[in-house]
Amino acid sequence: MAASINGVGGVGFGGLTCSTKTPLPSSRSSSFRVQMSVPVEDKKRNYTLQKSQEAFNAALNLMPGGVNSPVRAFKSVGGQPIFMDSVKGSHMWDIDGNEYIDYVGSWGPAIIGHADDEVLEALAETMKKGTSFGSPCLLESVLAEMVISAVPSIEMVRFVNSGTEACMGVLRLARTFTGREKIIKFEGCYHGHADPFLVKAGSGVATLGLPDSPGVPKATTSGTLTAPFNDIAAVESLFNSNEGEIAAIILEPAVGNSGFITPKPDFLEAIRRLTKENGALLIFDEVMTGFRLSYGGAQEYFGITPDLTTLGKVIGGGLPVGAYGGRREIMEMVAPAGPMYQAGTLSGNPLAMTAGIQTLKRLKAPGTYEYLDRITRELVQGILNAGKKTGHAICGGHIRGMFGFFFTEGPVHNFDDAKKSDAAKFVRFYQGMLREGVYFAPSQFEAGFTSLAHSPEDIQKTVAAAENVLSKI
């Protein structure tokens, strides 16, 4: 099989050709022979997804569901997934030549825009030295210093390769430090696909309407307690009925995996108080919110300092990365300094560190978060106004470069509220926006993201497109 992967509009992979020496078995009739490059002059033709359909049909024989992460399969919004060819700034181009204003941002990392020139130049220089060393390198310490200086709770940090891995490590660490096994998580919050977290989870689990995942032993989740987000009374009840047994509370300080849901004014403060009173640790999962709501993350934005924090997405600048960190006395329990074992072949690899360093440098510039706040407010308010103008029940909100909206009157304070959103209407809206050249996450239960590359013109076009689509559905 062969696929030419050439850039669109001068952006791409330098004519790289992927091929295998052995052809697919004849029973797999949909061999992967989709020409992925698109001439610039063809990009304005009528909207079609023919090549994406062909690519997806071939992928179905190669990967479960044709994708490598479930939400990408478009099951909750209909149609087949769109196969992308290239990205630049705030825009994406698919293999059929369609151009989109992108509000997924690779699910959060692309906060300064896709394929940023400075990041790419730095990566090219780093690659000349090698892609992975399997030993310490100076870049790890540079990024570690940047993270520690930015995030209030972090005095030491351990880099890993994904948000899931970070949450796995931080959970084991909390149990090691406290000598307790039970944890509290919130319904609709997603902390990766590790067994203990797949209880009333959000993200793809919610998108696909799946129950708690098969293959997870009951013993693995027996120590996982759940409560509705923003419900302090429920958390107090769990502490009362499990006195002296709860190691930690883990939560997204602003939820991004049930759609975008913000905490009530006193919720995080009350959670912080309850953990201290009960000898439990507070863990902020800032894989989404870290360096996005502010340079110091949600904890800086809300003024609440947890004991431990997980990070990902933004700190890798678009390359695979994760991290967990916190108070020195806790982190010194991680091997080799302490007894809690965790390791990773590509942890701290020079490419991810380089992209992260360059991204954080850009984010530290004056006016960064003010700009994100301004354009995201205009986007969300424009969509809400368009919805109300065209007679739809709609609510939503944003913080800096993260946003969401629901087709319900609201307010939305937790996952049960989010599920009241009109899912069928979201599907019609989503498909209409694709045809208008706007790419949102293919799920009602995922947050949206803006970037420094989004222009006022991008926002104006998106709002105009939304009003046009909303007037027709």
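User: Where does pLDDT stay under 50?

Analyst: This is a predicted model. Over residues 1-44, pLDDT stays under 50. The model has 71 contacts beyond four places in sequence for that stretch.

User: What about residues 202-211?

Analyst: There the pLDDT is below 50. Residues 202-211 have 25 contacts in the model beyond near neighbours in sequence. Where pLDDT is low, the predicted coordinates should not be read in detail.

User: And what does the chain average?

Analyst: The average pLDDT is 89. At least 70 is the score of 88% of the residues.

User: Switching to helices. At what angle do α7 and α8 pack?

Analyst: About 10 degrees. α7 covers residues 232-241, α8 covers residues 267-277, and their axes are 10 Å apart. Angles under 35 degrees count as roughly parallel, so α7 is roughly parallel to α8.

User: Which residues make the contact?

Analyst: From α7, Ile232, Val235, Glu236 and Phe239. From α8, Phe267, Ala270, Ile271, Arg273, Leu274 and Thr275. Seven residues of this contact are nonpolar, one is polar and two are charged.

User: Now aspartate 116. Buried or exposed?

Analyst: Buried, because its relative accessibility is 12% and the cut-off is under 20%. Aspartate 116 sits in the loop between β5 (99-102) and α2 (117-127).

User: What is aspartate 116 in contact with, leaving aside neighbours within four places?

Analyst: Lys88 and Arg362. Lysine 88 is 28 residues apart from aspartate 116 along the chain, with 7.3 Å between the C-alpha atoms.

User: How far is the backbone nitrogen of valine 119 from a polar atom of that aspartate 116 side chain?

Analyst: The distance is 3.1 Å.

Methods. Residues are numbered from 1 along each chain as its sequence is written. This is a predicted model: local features need pLDDT of at least 70, side-chain atom pairs count only at pLDDT 80 or more; totals for chains, interfaces and linings use all residues. Side-chain values use heavy atoms; hydrogens and water are left out. Axes are lines fitted to C-alpha atoms, for helices over the stretch in contact, and angles run from 0 to 180 degrees between N-to-C directions. Helices (H or I, at least four residues) and strands (E, at least two) are DSSP runs, numbered from the N terminus. Angles under 35 degrees count as roughly parallel, over 145 as roughly antiparallel, 65 to 115 as roughly perpendicular and the rest as oblique. Contact means heavy atoms within 4.5 Å. Ala, Val, Leu, Ile, Met, Phe, Trp, Tyr, Cys and Pro count as nonpolar, Asp, Glu, Lys and Arg as charged, and the others, Gly among them, as polar. Buried means under 20% relative accessible area, exposed over 50%, partly exposed in between (1.4 Å probe, protein chains only). A polar contact is a pair of N or O atoms within 3.5 Å; within protein, one must be able to donate a hydrogen and the other to accept it, and residues adjacent in sequence count only if both atoms are side-chain atoms. pLDDT is the predictor's confidence in each residue, from 0 to 100.
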